[in-house]
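Hi,

Here is the structure I promised to pass on to you. Please have a look at it first, and then read my notes below.

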Amino acid sequence: MKIYGRQCLGKKAFLELEYQMEGRDFSVAGTAASQIKKMLTEVGFEPEIIRRTTVVAYEAAMNIVIHAFRGRLLVHIEADGIGLTAVDEGPGIADVAMAMQEGYSTASPSIREMGFGAGMGLPNIKRHADGMAIETRVGEGTTLKAWIICKKG
Amino acid sequence: MRQLTLNDLAEKLQLDFHTYPLEAKEVTGGYVGDLLSDVMAHARDGQVWLTIQVHENIVAVALLTNVAGVIITGGRKPLPETVKRAREEGVVILSSKLPTFTLGGKIYRLLEERNALVHG
């Protein structure tokens, strides 16, 4: 598939990407984020849109591999914007308001030693996306949706 | 105009290459951080990233932020899987015996000297 510019996506056209990942599989999560970045670059999105989407995709994927047993990252790309959905089977988030606060994390010491678990993941997503929503059930899992809107013109 | 490249930094500051640049990459600035989320949010295209992290997750962050290269400080070395992944992805990894603060200071000074030459 060769795409020459995001205008070529047209009003109705879209691309869907899906990545499956298991808990602790950092390599797959990193690869997913870089493939998403590559695809957005090929489609011809503006660098700032690509940068923001990349941060959101990276943090959403890392949240799955750090906290969940397994999960999927779905990316929906249209000319007007990008939607990301991270669905996981995992412990869920007991207190979403706390989890949204910078510096709050439930990650283990071994995860923290690798430079994760600083409680910056969800705040980073909130800061870089135009909107986000979290649905979670303790003991079952979490669904996170985030979207980035491309300005007209 | 005289650019400052990764090779210049390596030569002037005695850095060791663990993976090599395929082209002369210009260094435009730097970012220091060991928390990957912070680096993801703030590091920019063309900067060198100074960190004490050695595991393979640094390769993904370097790739996603488009930094010119990663410099592991304090005498630490990248793990073998980090080097392997970096080579596959074309990410340049160097290391230094100097602690982050000292190395960052030296790089800052080199960038200032370069800017003085460029802008008179």
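Leaving aside its neighbours within four places in sequence, which residues is A:Arg51 in contact with? They are A:His128, B:Met40, B:Ala41 and B:Arg44, where contact means heavy atoms within 4.5 Å.

Before the rest, a word on conventions. This is a predicted model, in which local features need pLDDT of at least 70 and side-chain atom pairs count only at pLDDT 80 or more, while totals for chains, interfaces and linings use all residues. Residues are numbered from 1 along each chain as its sequence is written, chains are lettered from A and ligands numbered from 1 in the order in which they are written, and side-chain values use heavy atoms, with hydrogens and water left out.

Back to A:Arg51, then. This residue sits in helix α2 of chain A; helices (H or I, at least four residues) and strands (E, at least two) are DSSP runs, numbered from the N terminus. A:His128 is 77 residues away along the chain, and the two C-alpha atoms are separated by 8.7 Å. On the chain B side, a polar atom of the A:Arg51 side chain lies 3.3 Å from the backbone oxygen of B:Ala41.

**The interface**

The contact draws on 21 residues from chain A and 18 residues from chain B. About 1,600 Å² is buried between the two chains, with carbon and sulfur atoms giving 57% of that area. Buried area here is the accessible area (1.4 Å probe) that two parts lose on being put together, summed over both. The rule finds eight residue pairs in polar contact across the interface of chain A and chain B, both residues being at pLDDT 80 or more. A polar contact is a pair of N or O atoms within 3.5 Å; within protein, one must be able to donate a hydrogen and the other to accept it, and residues adjacent in sequence count only if both atoms are side-chain atoms. On the side of chain A that touches chain B, the elements giving two or more residues are α1 (26-43), α2 (47-67) and α5 (121-128) of chain A. The largest share, seven residues, comes from α1(A).

A:Arg70 lies in strand β2 of chain A and A:Glu89 in strand β3 of chain A, so the pair ties together parts that are 19 residues apart in sequence.

**The sheet of chain A**

Five strands of chain A form an open sheet, ordered β1-β2-β3-β5-β4, with antiparallel pairing; two strands pair if DSSP finds at least two bridges between them. β1 (14-22) and β4 (131-137) of chain A are at the edges with a single partner strand each, so one side of each has no neighbour in the sheet. A hairpin links β2(A) to β3(A) through two residues, and these strands pair over nine bridges. Within that pairing, A:Leu74 has A:Thr85 as its bridge partner. A:Thr85 also stands opposite A:Lys145 in β5(A), and β3(A) pairs with β5(A) over nine bridges in the antiparallel sense.

**The sheet of chain B**

Chain B has an open sheet of five strands too, in the order β1-β5-β4-β3-β2, and the pairing is mixed. β1 (16-17) and β2 (29-32) of chain B stand at its edges, each with a single partner strand, so one side of each is left without a neighbour. β1(B) pairs with β5 (residues 93-95) of chain B in the antiparallel sense over two bridges, and B:Asp16 has B:Ser95 as its bridge partner there.

Best wishes
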